[in-house]
Amino acid sequence: MQIGDMRIDALLDGEAVVPPSFCYANYSEEGWEPHKHFLDPFSDMVVHTLGGFLVRYDDKVVLVDAGVGPQPIFPFAGGAMRSAFVKLGVTPSEVTDVVFTHLHLDHIGWATVGGKIYFDNANFHVDKRDWDYFMSPDYDVPEWEQGVSDPSRDPATVRLAPLADRINFFVGDSELLPGIETVDAAGHTPGSTVLRLTSQGEQGMLLGDPVHTQPELIEDRWDFLAHIEHEQGMDSIERIRKELFDKNLPFAAAHFPGLQWGKIANDDSGKLSYARIE
Ligand SMILES: [Zn+2]
């Protein structure tokens with residue numbers, strides 16, 4: 001994807017393939033029926049792709065989210081971000097900035113490996129509310145996370161400890177870097193962040209995790225099970241959806257299949273629809 005002078009490439013790290021009933025508190029088979037084409041045609045499962053995005057412009061090499069890491073636990077699978085960097089011809093040391101959209105374990109996996117900072121020249125950026133929440137000694141590991149993480153390696157308290165003195169904090173809406181603004185999308189986590197990219201009069205958005213599937217974005221208040229604050233999370237989706245629709249912006253979410261870019265618009269019947277774009 002090209003937005004003005006910004007080149008944005010997806011870095012595939014892996015995937016988590018789960019049944020649709022695993023995703024939403026208000027799941028119903030009828031609700032999914034019109035959206036079955038978004039499921040994996042082989043298994044009728046939801047494919048959550050894992051990874052990040054590399055935004056390159058001027059002298060900046062900005063990594064947005066650091067994948068699930070080299071040793072994911074089922075149903076997280078993969079650990080291939082290293083190969084994705086090789087494919088782009090970029091070394092981890094060339095990354096100037098790492099922005100975490102939030103601090104769930106599938107977004108911080110390559111931040112450190114074996115206690116060493118993987119992107120050793122980068123500045124790291126995260127919303128202070130997420131840092132305070134996930135780095136607290138009182139952090140209460142939710143059930144879903146207990147099943148997919150190694151407590152000696154994967155939680156933010158362990159993974160991010162070596163970075164603690166290299167973090168630049170922001171809170172909610174901010175001008176983070178030239179052409180990159182943070183947009184408050186709290187609810188999935190306390191400091192969940194969407195990035196608005198602007199260059200040469202063009203705009204696009206990297207959504208992070210307010211939404212996890214295409215129907216969650218175009219339908220009304222699908223309630224994702226892993227949101228920390230559910231109502232706030234769904235309110236954030238409504239705000240983001242409005243901006244995407246009103247401005248007809250291209251966007252990519254952190255887990256849509258293939259980390260594919262898309263747009264939303266009304267179809268012929270006036271119903272909101274999603275279409276992938278190249
Ligand atoms: Zn995630």
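Let's start on one helix. Helices here are DSSP runs of H or I, at least four residues, and strands are runs of E, at least two, numbered from the N terminus.

A word on the source. This is a predicted model, where local features need pLDDT of at least 70, side-chain atom pairs count only at pLDDT 80 or more, and totals for chains, interfaces and linings use all residues. Numbering runs from 1 along each chain as its sequence is written.

Back to H2, residues 81-88. Which of its residues are buried? Met-81, Ala-84 and Phe-85. Down the axis of H2, these buried residues fall within an arc of 100 degrees, so they line one face of the helix. That arc is taken from the directions between the helix axis and the C-beta atoms. In general, an α-helix has 3.6 residues a turn, so residues three or four places apart point the same way. What do the buried residues of H2 pack against? Strand S2, residues 6-18, and strand S3. After H2 comes Gly-89, with a positive phi near 75 degrees.

Now the whole chain. It has seven helices and 17 strands. The radius of gyration is 18 Å, close to the 19 Å that the globule rule gives for 278 residues, so the chain is as compact as a globular protein of that length. That radius is taken over C-alpha atoms, and the rule is 2.2 Å times the number of residues to the power 0.38. Along the principal axes, the C-alpha atoms fill a box of roughly 50 × 45 × 35 Å. Buried residues make up 44% of the 278.

Contacts next. Two residues are in contact if their C-beta atoms, placed from the backbone, lie within 7 Å. Of the contacts with a separation of 6 or more, 69% join residues 24 or more positions apart.

On to the core. A nonpolar core is a set of buried Ala, Val, Leu, Ile, Met, Phe, Trp, Tyr and Cys residues, joined through C-beta atoms within 7 Å. The largest one has 63 residues. Val-55, Val-98, Leu-206, Leu-207 and Ala-252 touch the most other members. Strand S3, residues 46-57, gives the largest share, five residues. Apart from this core lies another, of five residues, including Cys-23, Tyr-24, Trp-222 and Phe-224.

Take Ala-252. Leaving aside neighbours within four places in sequence, Ala-252 contacts Ala-10, Phe-53, Leu-206, Leu-207, Leu-259, Gln-260 and Trp-261.

Next, a hairpin. Strand S16, residues 262-266, pairs with strand S17, residues 272-276, in the antiparallel sense over five bridges. Pairing requires at least two DSSP bridges between the strands. Asn-266 has Leu-272 in S17 as its bridge partner. Five residues sit between the strands, and Gly-270 takes a positive phi near 85 degrees.

Ala-77 and Ala-16 are 61 residues apart along the chain, yet their C-alpha atoms are separated by 6.1 Å. Lys-247 lies in helix H7, residues 230-247. Lys-247 is exposed, with 12 other C-beta atoms within 10 Å.

Definitions and conventions. Buried ≥ 20, exposed ≤ 12 C-beta atoms within 10 Å, placed from the backbone.
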